[in-house]
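Please walk me through this structure.

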Amino acid sequence: MRGAPAPAVVAALVDGCDATEALARLRAALAEHATDIALRIAVAQALRQRAPETALALLREAPPGHARDADLGLECVALLRALKRGGEASALLVDLAGRHPEDGRIAAQRAGLMEAAGDHAGAAEAFAIACRASPGDTQLRIRFARSLRAARRPAEAVTALENLPADLPQATAERSYALLAVGDVARAGEEIAALARRHPGFPHLPRLTALRAEALGDMPEAAAALAGAMAIEPTHAGLRDQRRRALRLAGDADGLRALLAEAPAGRDAIRGDLVEALLEQGQVRAAEAVLDTLPADGDLALRGAVLVALRRGRHALAASHAAAILARRPDDAWALWRQAQALALSFRAEAAWSRLRRLEASGALSRRTARNNAVGHLVNDMRLNPATTAMLALAEEGMPGRALAVAVEMMRQEPGETAPALALLRHWPAPDAGDDKGGVRLIPPCLHGAEETGPAAAFLASRLDAAHPAMAVEAWPTRGLMAEAASTMPLLAQALRLAPAGAVVRDLLRLGVLVLRGGVWVDPGLLCIAPLDPLLPPGAGLVLARDGLGGIGTAFLAASPGHAALRAALEEACQEVIGGARESAWLTTGGGLLARHVARWLAETGGGRDVVIHDPGRIGRHLRPTRHSPWQPAIAGWEAEM
């Protein structure tokens, strides 16, 4: 046997023998050549399929001085895995790694075990050792990059993939994933386009296309790409959930119905998203029909019933459904939040406040978040005005017309209070979809938004521009409005200089542009899916959208230049900022302020043909958010509404 390869020796020994005689011959050979590790490994490999336990025992019978050999240890690991003894295999690999810290084969196998266990940071370190031992192994480099990305170190993953062959699809795909993870959407788009050209059938291409579309804010495209990914892997639960989320954000009720018909599992979650999408579109009866297919006392049905009641304006019923959930789970954060919202909209301030405090005490929300949100601010405002709040609560229990009349009278008497403003706006009649109001267009044909940079902002702006070829599109930096306001409205220029960065600056920018220039304001985070012209009827000088509380949203506004309601709101906002107001942005410069001034103007003038207030469902047929927004009440992910 001297000089012959070990596998050839083993083959010669067992040639023509039955299993019993072959095993005897192999044992005899090992006894004669006990220190021949290559022979011992070859014997184990020959026995692996039909007698793995025997093969493992023969490996472990190696002399003590050779039992620590890396090759023999790796063969033991392979047999232990084949025998489904993963714990022993993992422990042996740890021991081998300690004895052979720079052995790339051991490091690679250990990295694989760590990946399977979810230890991506450990896997990345082990793959780094393996890559140093085998610098030309492209598959190791790709696995190293994947583990870095999974360990939330995507920038290092991009570096690890440098100089790999351009025609290697796995490398291009992993580089695309890493680039998307670091937010380099432009470079990721180039890589994905190259992958599509060179390897159009590569399985991960639809997933990458979906991720890029989501990064840009194009949720309809993301949903379409994920449908392609599911065609490749129809039972992949993660892909199904991603597609469901994309369809929900796209407001695609038909797509959710199709997914419901296709999905073998997870149908209740799909029904929940379908209920949300239908409610957002104003299809309340269709949403109720979907709820009727669920067990009546199930959590999903109860949560859907809460949202239906809120959408119908039956706030006491919504609070009751939330109470049914809380009877089962007293600390259910979703139910507490919805009950607080319903009670606030019923003008039961103290009861709503107690629910917010319970949310805070449960740890579901921090003290700041539990109070620093639109519902919390509304409740605080109501608690400061108990007499007004009590009258509104009584009016809500009567006929809608009576509630509107009470709210109008209160706004005339107390124009600085937010609660009667919301009551007035909630009951203000929606415009007739068939009434174009006649007359000339008072709102200038110009689209405005805050200046933002990056591929996503550029994409969303391009979609808005493409849908309105006859309208000018202008992105406003803060300094640009300050320069214009310096001569036309010094109060605004001063407020912009003093305003803290963030929501207050955005609020001033929005109101300032519309007062000084007029036109249509669209927040940068919205995707335009249809032209906005149907939302802007001739004769209207102020076009607004309701938010989730029934007040005025700020993501979409349109007005003629210098409109009285917006000018008054802007002047108050500027005075609040200059005076160092300590109230919330929602009350002093945002939605709460806007609700008060629009409601006051309606109460004083009657609105007439000048004002249009659209429901969220109407707006949603033209503009889509790229994430859940406060005017999209959800069954899950309610924290996004803060």
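How many salt bridges does the count come to? The count comes to 44 salt bridges. A salt bridge here is a side-chain nitrogen of Lys or Arg within 4 Å of a carboxyl oxygen of Asp or Glu. The model is predicted: local features need pLDDT of at least 70, side-chain atom pairs count only at pLDDT 80 or more, and totals for chains, interfaces and linings use all residues. Residues are numbered from 1 along each chain as its sequence is written, and side-chain values use heavy atoms, with hydrogens and water left out.

Take the whole chain next. The chain holds 35 helices and eight strands. These elements are DSSP runs, numbered from the N terminus: helices are H or I with at least four residues, strands are E with at least two. The C-alpha trace spans about 110 × 55 × 45 Å along its principal axes. The radius of gyration of the chain is 33 Å, whereas a compact globule of 642 residues would have one near 26 Å. That radius is taken over C-alpha atoms, and the globule rule is 2.2 Å times the number of residues to the power 0.38.

Now the surface and the interior. Of the 642 residues, 51% count as buried. Buried means under 20% relative accessible area, exposed means over 50%, and partly exposed lies in between (1.4 Å probe, protein chains only). The chain exposes about 28,000 Å², and carbon and sulfur atoms supply 53% of that area. Areas come from the Shrake-Rupley method with a 1.4 Å probe; for residues, only the protein chains shown count as cover. Contacts are defined by heavy atoms within 4.5 Å. Among contacts with a separation of 6 or more, 64% come from residues 24 or more positions apart.

Charge comes next. The chain has 72 positive and 72 negative side chains. Lys and Arg count as positive, Asp and Glu as negative; His and the chain ends are not counted. The centres of the two sets lie 2 Å apart. Each charge is placed at NZ of Lys, CZ of Arg, CG of Asp or CD of Glu.

Side chains of opposite charge can pair when their charged atoms come close. One of the pairs is D95 with R99, whose closest N and O atoms are 2.9 Å apart. D95 and R99 are four residues apart in helix α6, so about one helical turn separates them. D95 is partly exposed at 33% relative accessibility. R99 is also partly exposed, at 38%.

E191 forms a salt bridge with R175, with closest N and O atoms 3.1 Å apart. E191 sits in helix α12 (residues 185-198) and R175 in helix α11 (residues 169-181), so the pair ties together parts that are 16 residues apart in sequence. Are E191 and R175 buried or exposed? Both are buried.

D523 and R510 also meet in a salt bridge, at 3.3 Å from N to O. D523 lies in the loop between β3 (519-522) and β4 (526-528), and R510 in helix α31 (residues 503-516), so this pair ties together parts that are 13 residues apart in sequence. R510 counts as buried at 5% relative accessibility. Elsewhere, salt bridges that share partners join D299, R303, R328, R329 and D332 into one network.

Now for the loops. Most residues other than glycine have a negative phi, and most peptide bonds are trans. K84, not a glycine, has a positive phi of about 60 degrees. K84 lies in the loop between α5 (70-82) and α6, and is exposed at 75% relative accessibility. R152 also has a positive phi, near 65 degrees. R152 is in the loop between α9 (138-150) and α10 (154-160), and is exposed at 77%.

S346 lies in the loop between α21 (333-345) and α22 (349-362). Leaving aside neighbours within four places in sequence, S346 is in contact with H315, A316 and A393. D547, in the loop between β5 (542-545) and β6 (556-559), is buried at 15%. The C-alpha atoms of D547 and D36 are separated by 79 Å, and the two residues are 511 residues apart along the chain.

P101 is found in the loop between α6 (86-99) and α7 (104-117). P101 is partly exposed, with a relative accessible area of 46%. P101 and A450 are 349 residues apart in sequence and 55 Å apart in space, C-alpha to C-alpha.
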